[in-house]
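This report is a guided look at two protein chains, meant to be read slowly with the structure in view.

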Amino acid sequence: MYSKHTGLDLRRGVTSGISFAFKLFMLVLFLFPFYWLIITSFKTYGESIVFPPTLIPRNFTLAAFEQVFSRLNLWNYLKNSIIVTLSVIIIQTLVGVPAAYALARYSFRGKGVMLALVMAAFMVPTQITFITVYIMMSKLRWLNTLLPQIVPFGASAYGIFLLRQAFMQVPADIIEAARLDNASELKIITRIMLPAARSSLMTVSLFSFVGSWNSYFWPLVMSNSEKVRPLTLAIERLKDQDAGINWPVIMAGNMIMVLPVLVIFLLLSNKIISAVGYRGIK
Amino acid sequence: MAKIEFQNIHKSFGTTKVIENLNLTLEDGKFNVLVGPSGCGKTTLLRIIAGIGPATSGRILLDGVDISNVPPGQRGVAMVFQSYAIYPMMTVRQNIEFGLKNNRVPKAERERRISEVSQIVGLEPYLGRKPSQLSGGQRQRVALARAMVKEPTVFLMDEPLSNLDAKLRAAMRSELVQLHKQLQTTFVYVTHDQVEAMAMGDCIILMDQGRIMQQSDPETMYRDPDNIFTAQFIGTPPTNILGLESESFKLGFRPEAISLSVNPAPDKAFTHRVSILTREMLGAETLYKLRLRNGQEVMARLTDSSLMVGDELYLQVDEENLYFFDSEGNRVRKTLSQQYGAMLERVTRSHES
């Protein structure tokens, strides 16, 4: 009896040990690149190319950051990135929320087809559409503006779908109660649906933020002047000005790039996790 | 204060017809109870009044005015949902205030009404709380307060007590009756529980499969049922119905109308020899399942608990407690001596032999 007990305890100990080791391994796997990014940006050029590499910078320096600011008109790129990203989030919300509400809560002719179209849009990769969109943007004479980076992303199929799912979780009784309370449809959306779908809305906004902020290929194709290019393309310019690749400078640029994403993610991580389930009141 | 009239109401969900050509008037100021088994259309009727599940065709009149096309929020009705349907992201106060704000009630008036209503339902200490911080009974009160604060002409309630535990339900039942006395407005209350219907209603509307089986006060519903369905739905155990071979009518009598004795009494209209199959002692009363000579079984509800399984006795029912129904299940209201005396005598004799 006694030995059986300890045997079981031992097995439990081993299992949890393995599980812990696995989690630690995964954590390192994901965090190490970030760590590498951070320390490299604080190294000198010389230290960044020594072998074996150093895990802690010997000479802690901000020289790489200074170079980034001196070599680029960073503010212009930053401004473009911010305008594009905010516009995309705002327009996506303005378009997506009513669309999702209609798809979740109304029955109308062609609803199934429309939902299928949303799902189809969800599945088409941008690489397929960019040539036609480019031609369209060119004909509209928009290539010298930020519009090609904003307008095509005004509606997000993923966002509409996720919000629709969240809206569908709100009990029908609550909406009916609001109608009996003489609430307009707009009021039902703003006072009942959106608070209930807050987590999903945050998630959708965060994904559009990351998508827009990190967008590289699309703005590269859709812009023909530095005036309208975002931060991602500026970081790229840090690379091809020197003969050799100056890793600390590139990493410093990337730090500037990734910092807002990390901050926002840390602030919202709870919301994203709870976006999976809506806690209703019974 | 309002009288509600349904005129030629039809309602179907897709191809399923739930209600066909229904006409019904709910009197002003009454505590009306819509009762019936699930799927009978009682909630559908309530939703038609509220405007949140409009009829497929037909008209609904409120005090003689056709409101069929009036939006739910402008009908002057308030509804308490079975799930309470409280807005989870608003505080208790905001929940109660929401309808008033939407109806542009001035702030001072809103404050006055909220404090009055929250006092009546006992929610004053909880106005700042979120619904998730309330118990089931408190949420129920929020739903009630939210309806009351609008000072509606009609109160609609869809099984509002079914999510409460037995004790709280009994307490709320009498509170709602008191509330009705106080407000004197028209109540329309939906329930599947006949006990609740009998206990609370001034006027009961018993429904089955989209049709109205009987509309009357509780007393009449119990003592004078129009058909077999009513006789069996109201009262527990249900009215005993005996199908009598070779006769085109059916005989009914309530379990509590039965008396059992060792020797047959000569003055009883219906006498039959029975044996006791089961006995359930419930405290004040005892339920006996009895078997008749021809194998049919009936339930008896007596205060006498001294009878035992296997006892052979005479079942007897007074003339005024016997109901007759035709082959369709509809009541035939003629006294025995007028029409069925001879027939019954024959029945009784044949069963005794």
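A residue counts as buried when 20 or more other C-beta atoms lie within 10 Å of its own, and as exposed when 12 or fewer do, with the partly exposed residues in between. The model shown here is a predicted one.

Chain A has 14 helices and 0 strands, and, followed from the N terminus on, its elements run α-α-α-α-α-α-α-α-α-α-α-α-α-α. Its radius of gyration is 25 Å, well over the 19 Å that the globule rule gives for 282 residues, so chain A is more spread out than a compact globule. Along the principal axes, the C-alpha trace of chain A spans about 85 × 70 × 35 Å. If we take the contacts in chain A between residues at least 6 apart in sequence, 76% of them join residues at least 24 apart.

Chain B contains both kinds of element, with 9 helices and 18 strands. The C-alpha trace of chain B spans about 80 × 45 × 35 Å along its principal axes. Among the contacts in chain B between residues at least 6 apart in sequence, 64% join residues at least 24 apart.

## Helix H8 of chain A and its partners

Two packed helices are described by the angle between their axes and the distance between the axes. Helix H4 of chain A covers residues 74–105 and helix H8 of chain A covers residues 157–168; their axes come within 8 Å and cross at roughly 45°. That angle makes H4(A) oblique to H8(A), and H4(A) passes H8(A) in a right-handed crossing. On the side of H4(A), the residues that meet H8(A) include Gln92(A), Gly96(A), Val97(A), Tyr101(A) and Arg105(A), and among the residues of H8(A) that they meet are Gly159(A), Ile160(A), Leu163(A) and Phe167(A). Sorted by class, the contact of H4(A) with H8(A) has 10 nonpolar, 3 polar and 2 charged residues.

Helix H5 of chain A, residues 111–123, also packs with H8(A), at an angle of about 130° and with the axes 8 Å apart. That angle makes H5(A) oblique to H8(A), and H5(A) passes H8(A) in a left-handed crossing. In this contact, Val118(A), Met119(A), Ala121(A) and Phe122(A) of H5(A) meet Ala157(A), Tyr158(A), Ile160(A) and Phe161(A) of H8(A). The residues of the contact of H5(A) with H8(A) divide into 8 nonpolar, no polar and no charged.

## A helix pair in chain B

In chain B, the axes of helix H2, residues 92–102, and helix H4, residues 136–148, come within 8 Å and cross at roughly 30°. That crossing angle makes H2(B) roughly parallel to H4(B), and H2(B) passes H4(B) in a right-handed crossing. Val92(B), Asn95(B), Ile96(B) and Gly99(B) in H2(B) meet Val142(B), Ala145(B) and Arg146(B) in H4(B). By class, the contact of H2(B) with H4(B) has 4 nonpolar, 2 polar and 1 charged residues.

## Where the two chains touch

How many residues of chain A are in contact with chain B? The count is 17 residues of chain A, in contact with 20 residues of chain B. On the side of chain A that touches chain B, the elements that give two or more residues are helix H9 (172–180) and helix H10 (185–196) of chain A. The largest share of that side, 6 residues, comes from H9(A). By class, the side of chain A that touches chain B has 9 nonpolar, 2 polar and 6 charged residues.

## A closer look at Glu185(A)

Glu185(A) is found in helix H10 of chain A. Is Glu185(A) buried, exposed or partly exposed? Glu185(A) has 16 other C-beta atoms within 10 Å, so it is partly exposed. Glu185(A) and Tyr101(A) are 84 residues apart in sequence, and in space they are 9.8 Å apart, C-alpha to C-alpha.

Terms used:
Residues numbered from 1 in each chain as written. Chains lettered and ligands numbered in written order. Predicted model: local features only at pLDDT ≥ 70, side-chain atom pairs only at ≥ 80, totals over all residues. Axes fitted to C-alpha atoms, helices over the stretch in contact; angles between N-to-C directions. Helix = DSSP H or I, 4+ residues; strand = E, 2+ residues; numbered from the N terminus. Parallel < 35°, antiparallel > 145°, perpendicular 65-115°, else oblique. Left-handed = near helix turned anticlockwise from the far one by under 90°. Contact = placed C-beta atoms within 7 Å. Nonpolar A, V, L, I, M, F, W, Y, C, P; charged D, E, K, R; others polar. Rg over C-alpha atoms; globule rule 2.2 N^0.38 Å.
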